[in-house]
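Please open the structure in a viewer and keep the sequence at hand.

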Amino acid sequence: MTKILTAEQIRACDQYTIEHEPISSEDLMYRASGQFCNWFRNHAPNRPKILVLCGMGNNGGDGLVIAHLLHQKGYPVEVAIIRFTEKGSKDFNHYYYQYQGNFPFHEVQKKEELPDLKKYQVLIDGIFGSGLNRPVEGLAASIIDAANHSGKEIIAIDIASGLFSEHKAKGQHPIIQPKHTVSFQVGKLAFYLPENHIHVGQLHIVDIGLDKAFIAEQESDYAAGSLKKIREILIPRQKYDHKGSFGHALLIAGSYGKAGACILAAKAALRSGLGLLTVHCPQKCVEVIQTSVPEAMVLPDEMGTKFFTKPHQTDQYDALGAGPGLSTETAAKEAMNILFAQHPSPMVLDADALNIISQSPHLLAAIPSGSILTPHPKEFERLAGKSENQFERLQNLQALAVEHQVVCLIKGANTAIGFPDGKIIFNPTGNPGMATAGSGDVLTGIITALFAQGYASSEAAMIGVFVHGLAGDLAAKEFGQTSLIASDIIEKLPQAFQRLYQDLW
């Protein structure tokens, strides 16, 4: 995993590296800019005409060095110095006087002095960095607006100008809308929130050699997941393992007209390494489930022909998943009350199970510790209350997970997984094509299967979300995002798990 640090912590990492490597601040800036340029030269080898927009702080200093390095490599590059203040930072001034005259500089004290953006193919944004602490206004605001309306490809240095790294700005102000953000060393919280997607574009994090031991010592509630972390917690199969070694899960799902949700979850569970699966479903769903998922055992509801009405005994199962297609009929609500009373062990709760809980608040307190909740944003809102912005929603996620000692994830781009200790991890896999009916049911099946195989709830959630997104990425590559359906994700699960376990067996 990669820690997500605050702007203050990143400055402390810079300073520690400067003092203990040791390296001067100017040379560290040069090194960081060099890493940006290494990325850029791979991204744009055809040498487009570039305008670097430089503010007066260290982000602008990065821009000056980037312009110098690209100029050395034969790129046609010019710089616009946005003089929204009289004095530049020490490192900005160092490189400003060193490079002035080496390539075209445009001094911009009012918007009319900005060069015609139509002349350039790429704009590199170095106006403001992560130290911004007040809304953008005046000259800088007008330049950001001009860049956003230019139609040119914009690449942000470290963070888009105007974007606050760890909180929501009060009021409205312009923010750069880059196609790419090339950030230094570690991610920033703002990068992983849905409302900021147009201010991040595609994220690339480059290593600039900050002291890794010092970074490891920094306290943070946030991190970005990684394949490396997932591989560290995978349990390889052994030669003499058998189906009993990989758990027996109970899936309580389906209702009349919604057997498909149950089928998708069941198929996904069986494709995720589960040894045995029993499906509890209403009587009218038995035939279609037995036909569609012959590998699963089916346990008909004793009384319910169309809906879940009463749970069977559950203590013989290694994991229990409930919710896909369950319905919120009165009988199902009553059955969920009974289930919570008789099953004190952790369970995986999704879809209508969560909707029933949100309609019966006493059930929220009854959720067994260690359970995994998998709501989409609206389901989460019904559970935890409304939030004004994504930063507040993360606080609600943290509070719910800690108060009820559960693992709770909010599905979507960069799915956020909240843990009982208050930590939150953002998942890196997945794509917009997965926003399709049944995708969440597939995830429930995957996580339930992993839970049954002996993974801790935190591990089952992390692996499940990662492999679900990876299978979705593989499906999108073959079928395209527009045409992707939930069954395609299941079809790609074997390939996704193969990638996870590659070189481990």
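Begin by selecting threonine 181, which stands opposite leucine 203 in β8. The model is a predicted one.

The open sheet is formed by 7 strands, in the order β4-β3-β2-β5-β6-β7-β8, with parallel pairing. At its edges are β4 (105-108) and β8 (202-206), each of which pairs on one side only. On average, neighbouring strands of this sheet are turned by 20° against each other, direction ignored.

Return to the β7 end of the sheet and select glutamine 185, in the loop between β7 and β8. Is this glutamine 185 buried or exposed? Because its relative accessible area is 11%, below the 20% cut-off, glutamine 185 counts as buried. Its side chain reaches the backbone nitrogen of isoleucine 208 at 2.9 Å. A polar atom of that side chain of glutamine 185 also lies 3.1 Å from the backbone nitrogen of leucine 210. Show the surroundings as well: leaving out residues up to four places away in sequence, glutamine 185 touches Ile205, Val206, Asp207, Ile208, Gly209, Leu210, Lys212 and Ile215.

Because 12 of its 15 residues are buried, α3 is largely enclosed by the rest of the structure. Colour the buried residues of α3, which include Asn59, Asp62, Leu64, Val65, Ile66, His68 and Leu70. After the helix, select glycine 74, which follows α3 and has a positive phi, near 90°.

Select Leu349 and Phe426, the residues with the most contacts inside the largest nonpolar core, which has 72 residues. Helix α5 (residues 138-148) gives the most to this core, with 7 residues.

To finish, centre the view on phenylalanine 426. Which residues are in contact with phenylalanine 426, leaving aside neighbours within four places in sequence? Among them are Ile4, Leu189, Tyr192, Leu193, Tyr222, Leu394, Asn414 and Thr415.

Technical notes
Residues numbered from 1 in each chain as written. Predicted model: local features only at pLDDT ≥ 70, side-chain atom pairs only at ≥ 80, totals over all residues. Heavy atoms only, no water. Core = buried A, V, L, I, M, F, W, Y, C linked by side-chain atoms within 4.5 Å. Buried < 20%, exposed > 50% of the residue type's maximum accessible area, 1.4 Å probe, protein only. Helix = DSSP H or I, 4+ residues; strand = E, 2+ residues; numbered from the N terminus. Contact = heavy atoms within 4.5 Å. Pairing = 2+ DSSP bridges. Axes fitted to C-alpha atoms, helices over the stretch in contact; angles between N-to-C directions. Polar contact = N/O pair within 3.5 Å; in protein donor to acceptor, adjacent residues only side chain to side chain.
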